[in-house]
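Hello,

Here is the structure I promised to pass on. Please look it over first; my notes follow below.

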Amino acid sequence: MKIENSVALVTGANRGIGKAFVEQLVASGVRRVYAAARRESDLAEVVALDPSRVVPLTIDVTNQHAVASAAHSATDVTLLINNAGSLDVGSILSAPPELVVRDMDTNYYGTLHMVRAFAPVLEANGGGAVVNLLTVVALASMPGLGVYNASKAAAWSMTQSIRADLAGKKIGVFPGAVDTDMIRDFNMPKTSPADVVRAVLDGLEAGEEDIFPDPMSKQVYEGWRADHKAVERSMAAS
């Protein structure tokens, strides 16, 4: 898929990877990019990048009515980037149930709501592409992130399902540690959001389906391909 002249919608566009997507999509010559967040007031800085092409859109992806309303408004979308996410720390055995629900509502059901609502829009506009931001720990779980891992693993399975159900590009992105507010307190090497987005957009144009956009994710994926049980044990010991 060519980025230039496409019409994109990015959820979670107010900061981090989402904001970096808007920046690079504008620089790549998109016709329009809908920058979505739960509150339009959070999008002022993003819209200021190019007020003629960046359109603010209020979407809480956990609210099906809000998602459906957005699909009725943004009828020219050809590239859907599901970036909105929630990360709660905790063991899958002991985390409060409301944290499990929150991560599943955002990372799995929220992504599913967006795909279901916008699939007819993409098809009407010639097919387009869907990009789902997953995580490398969807491949092998880290115990301290058990709630988050499970929601993203579910989203990975869902991504495979929509590839089978819909024609065209349906892409899963598996980043490692990215330097965003979400993992600000994690002490580990991190890749910049700009570098991750650049790799994703390059992979999209190259026709890749599974994109590992940073050194950590590439290393984990190569290990997982060689011996997924060894990676599972390594992650479990982290």
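Does Asn-149 count as buried or exposed? Asn-149 counts as buried, because its relative accessibility is 2%. (Buried means under 20% relative accessible area, exposed over 50%, partly exposed in between, with a 1.4 Å probe and protein chains only.)

Before the rest, the ground rules. This is a predicted model, where local features need pLDDT of at least 70, side-chain atom pairs count only at pLDDT 80 or more, and totals for chains, interfaces and linings use all residues. Residues are numbered from 1 along each chain as its sequence is written, and side-chain values use heavy atoms, with hydrogens and water left out.

**Asn-149.** The residue sits in helix α5 (residues 146–165). Helices (H or I, at least four residues) and strands (E, at least two) are DSSP runs, numbered from the N terminus. Leaving aside neighbours within four places in sequence, Asn-149 touches Val-137, Ala-138, Ser-141 and Met-142. Contact here means heavy atoms within 4.5 Å.

**Leu-99.** This one belongs to helix α4 (residues 97–124). Leu-99 is buried too, at 16% relative accessible area. Beyond neighbours within four places in sequence, its contacts are Asp-88, Val-89 and Val-147. Leu-99 and Val-147 are 48 residues apart along the chain, yet their C-alpha atoms are separated by 7.3 Å.

**Strand β4.** In a regular strand the side chains alternate between the two faces of the sheet. In β4 (residues 79–82), Leu-79 and Ile-81 point one way, Leu-80 and Asn-82 the other, and all are buried. β4 pairs in parallel with strand β1 (residues 7–10) over three bridges; two strands pair if DSSP finds at least two bridges between them. Leu-80 of β4 is the bridge partner of Leu-9. β4 also runs parallel to strand β5 (residues 129–133), joined by four bridges. There, Leu-79 stands opposite Ala-129. The chain gets from β4 to β5 through α4, a right-handed β-α-β crossover. (Right-handed: with the strands pointing away from the viewer, the path from the first strand over the helix to the second runs clockwise.)

**Helices α7 and α8.** Helix α7 (residues 215–226) packs on helix α8 (residues 228–236) at about 130°, with the axes 5 Å apart. Axes are lines fitted to C-alpha atoms, for helices over the stretch in contact, and angles run from 0 to 180 degrees between N-to-C directions. That makes α7 oblique to α8. (Under 35 degrees is roughly parallel, over 145 roughly antiparallel, 65 to 115 roughly perpendicular, the rest oblique.) α7 contributes Val-220, Gly-223, Trp-224 and Ala-226; α8 contributes His-228, Val-231 and Met-235.

Best wishes
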